[in-house]
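Let's take a walk through this structure together. Have the sequence and the 3D view at hand.

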Amino acid sequence: MVQPSKVETGGGGAMPVKAGERLDPEATRARILKAAADVFGRRGIHATGINEIVEAAGASKLTIYRNFGSKEGLVEAVLTDRTQRVRAWHREAVEAAPAGRGQILAVFDLIAQWYAEAGFRGCAMMNAATEDRGQDGAPRRLAQDHLAFYRELFERLLADAGARDPRTTARQLVVVLEGATLISAVDRDPGLGAEARVIVETLLDAAF
């Protein structure tokens, strides 16, 4: 067995660094973000202590605080990372879909697939803002940005397709999306994706 030359410890698990192996700060940060996102998703933000992140990420408290400053900073970084991934995910789907209503339906096809994934727990941004009980911190701000992203995306796609009232219809589409996401997570019912799509098709029929 190769003995590690360095070990990051924090009262829990450890990730050994073998002799001659260089530390990779970006990989370490990504590992912490991934571990924290998983623990926050399973346990909730407020119920999770920093030691649980230490254990899951195999990183010391010092490393976590050096990278994120505080638990609040880590929460913000996790949600920001998730936001960026979600936006890239949707933009890729939209760009690959037929122009017009096909691009809007592509978003809902994508979330239907998401609902069916193992471990689906709903929207991380909305869950965090709800858990934060409406306080004016990073979770609420990022949740508001998340909703604004969807409204702006749908409004742009509707306007490009010639909808009569893109702004109103875009807001209605966001209500359907977030409502379906919440109910699917609570009821553990992936079929909500298909139901949401039917509602969206009805809204689009009326929008043009």
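How many nonpolar, polar and charged residues are there in the lining of the largest cavity? That lining has eight nonpolar, three polar and two charged residues, where Ala, Val, Leu, Ile, Met, Phe, Trp, Tyr, Cys and Pro count as nonpolar, Asp, Glu, Lys and Arg as charged, and the others, Gly among them, as polar.

Before going on, a word on the model: it is predicted, with local features needing pLDDT of at least 70 and side-chain atom pairs pLDDT 80 or more, while totals for chains, interfaces and linings use all residues. Numbering starts from 1 along each chain as its sequence is written, and side-chain values use heavy atoms, leaving out hydrogens and water.

Back to the hole. A cavity is a set of points on a 1 Å grid over the protein atoms alone where a 1.4 Å probe fits but cannot get out, and lining residues have an atom within 4 Å of a point. The largest one holds about 80 Å³ of space, the volume being what probe spheres set on the points fill, with points joined across faces, edges and corners. Of its 13 lining residues, V86, W114, C123, H146 and Y150 are the closest to the centre. Helix α4 gives the most to the lining, four residues; helices here are DSSP runs (H or I, at least four residues) numbered from the N terminus.

Now look at F154. This residue touches I104, V107, F108, A170, L173, V174 and L177, leaving aside residues up to four places away in sequence; contact means heavy atoms within 4.5 Å.

Finally, find R188, in the loop between α8 and α9 (192–207). Its phi is near 55°, a positive value in a residue other than glycine.

Conventions
On a 1 Å grid over the protein atoms alone, a cavity is a set of points where a 1.4 Å probe fits but cannot get out, and a pocket is an open set with protein on both sides within 12 Å along at least five of seven lines; lining residues have an atom within 4 Å of a point. Helices (H or I, at least four residues) and strands (E, at least two) are DSSP runs, numbered from the N terminus.
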